[in-house]
Amino acid sequence: MQTNHLYRKVSIYLSSIASIEDSDFINLFTGKKTHDIVLHLDPNQVVDDYFIGTRVSWINEEKNDTNRCRTFVLKIRRADKRKILRPYLQHIHITSDELEQKKKDVKLYINIDSHEQSRQWRSVPFKHPSTFDTIAMESDLKNKLKSDLESFLKAKHYYHRLGRAWKRSYLLYGPSGTGKSSFVAAIANFLGYDVYDIDLSRVLDDSDMKMLLLQTTSKSVILIEDLDRFLMDKSAKVSLSGILNFMDGVLNACCADERIMVYTMNCKEHVDPAVLRPGRIDVHIHFPLCDFSAFKTLANNYLGVKDHKLFPQVEEFFQTGASLSPAEIGELMIANRNSPSRALKSVITALQTDGDGRGSLNIRRQWTDNSSRKSTEDSGEQSGFFSKEGVNAMKDIRKLYGLLRLKSRKKSESFDRTPDSKDGQSCGL
Ligand SMILES: Nc1ncnc2c1ncn2[C@@H]1O[C@H](COP(=O)(O)OP(=O)(O)OP(=O)(O)O)[C@@H](O)[C@H]1O
Ligand SMILES: [Mg+2]
């Protein structure tokens, strides 16, 4: 009476291999995801497969007895059996697990007040549509992050050999509306992982925090939003050491494997360096305000416009340091989505009015971020910093000068008031 899980796995596996399309009869089903079509082998059909250079074949036998017993029969040449049977079945196990993981409905877990409840998490289906394609981000950085995630997934034995918990932690930091939360959703959708979104204001104390961690499952993203704000809150019920242990304590090794921890912050400037040290945070990702290249991605996504006669004008504003967040630009584009020209004009107006002030703030923030990052890099510890700010330091300086020129033109001030470079961060912008 037991379900044979191997039967299910073989079925999933066979549906995924290309040679199923060569079979004479297959059934077509819609899958769980939109536009997903699943192919299933019809009864008594044969499908060939190749494994380490050897051909095998499967037959989907269905007996017409009362039980309508379904059987998969695997045929392997006698001479190949010893060599491939076990590794081949292992390969089916792994592949079908991966496929199931990708197909499964992703859930969002939120923590509830835990006075009387033994289970502290409640779940809802996770339907956030954000993907890596919809996020406007430098493509190099995006690809680096994708391959970082992929190589993490393959590194189980490596982590275990090192005696480390199989987890990877990312810090997403940057101004509001730059895509941090959307990026977390894109990670979850990319990996097919559930998201555990911890609301720290609902956590009672340090031990409650530990219980929350213990009740998470493997293959999940564990998310703490706005950690900087929480750490500055003097009335918080969870202590700094509670947070540090949560991020990288003994408990982590006891918990389910294969987890991605994500923390978001607006600014990491005033955060205790212990929170940011490698191991607690493996990869720092900066989310800047919009630049011209991100703007073009947004214009393409929101308006379907790859190029436009107003683009040079928009670019000019970005070059002078003016900037808005992608969220602000996205809103303007949505509101004017029926007329790309109107949408672009509204972006130009917004950049003209409040944009330039924000841009200067952005530059100031990036400089301070650069200096705080340097101290960690100098420590020699291995930690990833996926941000283009360092590379763009010169560009920022040029932008700053452009901005100063723009401002001095506006206010008819002389260039003599330009502060010396040492004091660049507070140069009276
Ligand atoms: N880089 C981006 N690419 C595409 N869309 C973006 C980007 N940044 C923001 N958006 C859009 O702006 C909205 C707000 O973004 P999101 O909530 O991810 O920002 P955030 O950085 O988490 O902000 P906050 O710090 O205030 O929480 C979303 O609807 C998202 O679609
Ligand atoms: Mg957010």
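**Reading a predicted protein model with a ligand**

Reader: Which residues does Val184 touch, not counting residues up to four places away in sequence?

Author: Contact means heavy atoms within 4.5 Å, and with neighbours up to four places away in sequence left out, Val184 touches Leu172, Val221, Leu223, Val262 and Thr264. This is a predicted model, in which local features need pLDDT of at least 70 and side-chain atom pairs count only at pLDDT 80 or more, while totals for chains, interfaces and linings use all residues. Residues are numbered from 1 along each chain as its sequence is written, chains are lettered from A and ligands numbered from 1 in the order in which they are written, and side-chain values use heavy atoms, with hydrogens and water left out.

Reader: Is Val184 buried or exposed, and in which helix does Val184 lie?

Author: Burial is read from relative accessible area (buried under 20%, exposed over 50%, partly exposed in between, with a 1.4 Å probe and protein chains only). Val184 has a relative accessible area of 3%, and therefore counts as buried. Helices (H or I, at least four residues) and strands (E, at least two) are DSSP runs numbered from the N terminus, and Val184 belongs to helix α5. The C-alpha atom of Val184 is separated by 8.7 Å from that of Ser130, although the two residues stand 54 apart along the chain.

Reader: How many helices and strands does the protein chain have, and what share of its residues is buried?

Author: The protein chain has 15 helices and 13 strands, and buried residues make up 45% of its 429 residues. Among the contacts between residues at least 6 apart in sequence, 68% join residues at least 24 apart. For the surface, accessible areas come from the Shrake-Rupley method with a 1.4 Å probe, and for residues only the protein chains shown count as cover. The protein chain exposes about 23,700 Å², of which carbon and sulfur atoms supply 50%.

Reader: Which residues come nearest to ligand 1?

Author: A residue is near a molecule if one of its heavy atoms lies within 4 Å of it. There are 16 residues around ligand 1, and those that come nearest are Ala136, Ser176, Gly177, Lys180 and Ser182. By class, this shell has 7 nonpolar, 8 polar and 1 charged residues, where Ala, Val, Leu, Ile, Met, Phe, Trp, Tyr, Cys and Pro count as nonpolar, Asp, Glu, Lys and Arg as charged, and the others, Gly among them, as polar.

Reader: Where do polar side-chain atoms of Ser176 and Ser182 lie in relation to ligand 1?

Author: A polar contact is a pair of N or O atoms within 3.5 Å; within protein, one must be able to donate a hydrogen and the other to accept it, and residues adjacent in sequence count only if both atoms are side-chain atoms. A polar side-chain atom of Ser176 is 2.4 Å from an oxygen atom of ligand 1, and one of Ser182 is 2.6 Å from an oxygen atom of the ligand. For Asn266, an N or O atom of the side chain lies 3.4 Å from a ligand oxygen atom. On its own, ligand 1 has 620 Å² of accessible area, and the protein covers 73% of that. The elements that give two or more residues to the shell are α5 (180-191), α11 (292-303) and α13 (326-335), and the largest share, 3 residues, comes from α5.

Reader: Why does ligand 1 lie between domain 2 and domain 3?

Author: Domain bounds come from an automatic or database domain assignment. Domain 2 (107-286) and domain 3 (292-356) both give residues to the shell, so ligand 1 lies between them.

Reader: Is His284 buried or exposed, and is Glu331 buried or exposed?

Author: His284 is in strand β12 (residues 283-286) and counts as buried because its relative accessibility is 2%. Its side chain is joined to that of Lys268 by a polar contact of 2.9 Å. Glu331 is in helix α13 and counts as exposed, at 54% relative accessibility.
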